[in-house]
Amino acid sequence: MRLDPEDISYEHFWLRVFQTVNQSGVVSRDSIAARLVQGGLSTVSTSIITSAFSELPGRFLIVIDDAHHTVTDTMEKSLLDVLELTPTLTVLLTTRHSLPRVTSTSARMRVPVRELDGGDLALSSEENNELLRVHFPKLAAEQSVSLAESILQQSRGWPLAAHALIVERASNRNVTGRVSHGSFVREFVSHLIESNDPGVQIALCASAIFEEISAEALGTMLELSTDEADTLLESAFEHSFGFWVDEGGTRWYRHHDLIRVELQSHADTVIGAASLRKIYMGAAIALKKVRPRFAKEAAIHAQAWELLSDLLISQMHLSLRRERPSVWMNNIPSDVREQYPVIAAFALIDEYAFPSGRFGQVIAGLKLLAGPRLAKESEESGLPGMTAAVLRMVGSRLSGNESLAVQMAERVQGTLDQIPNNDAVLHSHSLEVALTQTSITLLHAGRFDEVDRLLEPFIAREDEILPRNLAHGTALAAWSSTWQGNMGRGRQLVRTGFGLGRVS
């Protein structure tokens with residue numbers, strides 16, 4: 001049944017239920033269900049509804065989709081009353097919000113209530129194995145179990161994705177080989193596009209640009225009214241979308257990731273590069289207040305650099321969040337970065353936060369730095385122990401363990417204090433790195449006096465130090481002085497740093 005949220009009451013709902021039952025032909029003309037539909041009864045009470053169900057053969061399942069739009073408080077009460085008295089009836093509600101009566105303790109005391117989320121609906125490895133046995137009855141048990149686990153990993157439990165992988169193997173007769181979600185999703189999206197007219201095709205691809213889209217945003221992007229965009233999203237794409245409703249009552253529609261990625265691959269062909277850039281510009285304007293991250297990505301695609309600068313500044317508290325961007329700002333051309341210093345600054349921040357292509361190395365490195373072997377070596381005396389302590393200090397700082405980083409910094413300082421000023425080893429490149437990294441850790445901890453004590457003799461040896469390390473140490477000393485309010489010293493160190501020229 002399709003219910004209209006604007007015209008629904010619990011009486012109307014039950015009449016619709018029995019109208020559907022009546023049309024199925026499973027009841028006689030003189031049954032209570034038939035008389036309810038024909039208007040032979042003046043009221044629709046709980047007792048009449050339960051009596052009507054008692055005449056029906058078998059079990060019944062009623063599904064109410066988007067229940068938060070149609071199920072009122074009165075209707076919740078009616079559902080519970082009927083369920084309590086009708087053991088052959090099950091009601092499934094899909095909703096983005098909690099329904100207070102249905103989920104209450106008192107309701108659970110009356111009828112069996114079970115709440116399901118995405119994890120409950122996901123297909124397990126055992127369920128995938130059962131599906132494989134249906135499609136491939138001759139497949140060896142060990143092979144089926146292994147393949148079921150592989151499908152779980154590839155589909156992340158999403159039922160359609162898991163089923164797609166199994167169907168692909170059945171159609172390709174390649175049971176054991178690794179197959180992507182490919183053909184199933186490609187055929188689904190191709191049919192979705194080809195079965196609509198050009199205007200709807202453009203809207204469909206535009207709706208997949210971001211992770212989610214609203215009618216208001218899509219309307220701005222395509223120069224449509226909100227009502228026109230809403231009609232497209234509700235009717236034309238109803239089999240492709242899920243949606244949720246935010247606190248302001250706005251529906252945010254979302255394709256499944258597999259479908260969205262495939263739709264994106266059609267965007268250039270269906271929309272065209274010039275029109276797509278215009279759509280991105282509309283998206284940046286439409287989403288700048290409600291979805292700043294999407295707006296930033298749209299501005300980059302539209303090459304709207306002035307707008308991007310404004311977005312970064314106005315939403316600085318959001319721009320600085322460590323959320324991995326889907327569009328890398330460090331890919332913005334160098335001439336644009338030179339012209340827009342705000343963009344250059346945020347591109348640099350993104351690069352430090354998300355080093356492109358090096359996530360695996362970073363994780364492996366942090367595991368090494370936190371490992372027991374390095375911890376043991378950092379307790380040794382002399383330069384080998386200090387080197388291990390420096391590495392452990394840097395790893396602790398990167399992973400947010402400030403107390404361990406400071407502990408390692410103190411250990412490094414102890415080793416440095418044991419080396420005479422005239423010792424040649426004190427002038428090595430490794431010692432310079434150890435000294436500057438220790439200063440960074442102490443700066444983070446607010447121990448400025450110790451920073452100054454370390455850096456002043458270091459900077460005084462400017463003729464003996466590598467330019468790169470000297471520039472680093474001078475910048476750290478300037479930061480420390482400025483943070484303590486010694487602006488005169490800070491300005492002097494900044495001038496010294498600029499006087500060093502370009503260093504590699």
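Leaving aside neighbours within four places in sequence, which residues is serine 214 in contact with? They are Leu233, Thr250, Arg251 and Trp252; contact means heavy atoms within 4.5 Å. Serine 214 sits in the loop between helix 12 (198-206) and helix 13 (215-222). Serine 214 is buried, at a relative accessible area of 3%. Buried means under 20% relative accessible area, exposed over 50%, partly exposed in between (1.4 Å probe, protein chains only).

This is a predicted model: local features need pLDDT of at least 70, side-chain atom pairs count only at pLDDT 80 or more, and totals for chains, interfaces and linings use all residues. Residues are numbered from 1 along each chain as its sequence is written, and side-chain values use heavy atoms, with hydrogens and water left out.

The protein chain has 29 helices and 4 strands. Helices (H or I, at least four residues) and strands (E, at least two) are DSSP runs, numbered from the N terminus. Of its 504 residues, 41% count as buried.

The whole structure holds 6 aromatic pairs. Rings of Phe, Tyr and Trp (its six-membered ring) pair if their centres lie within 6.5 Å; planes under 30 degrees apart count as stacked, over 60 as edge-to-face and the rest as tilted. Two of the pairs are tabulated here.

| Pair | Type | Centre to centre | Angle between planes |
|---|---|---|---|
| Phenylalanine 13 and tryptophan 14 | edge-to-face | 4.9 Å | 65 degrees |
| Phenylalanine 210 and phenylalanine 294 | stacked | 5.2 Å | 10 degrees |

Phenylalanine 210 lies in the loop between helix 12 and helix 13, and phenylalanine 294 in helix 17 (residues 292-302), so the pair ties together parts 84 residues apart in sequence.
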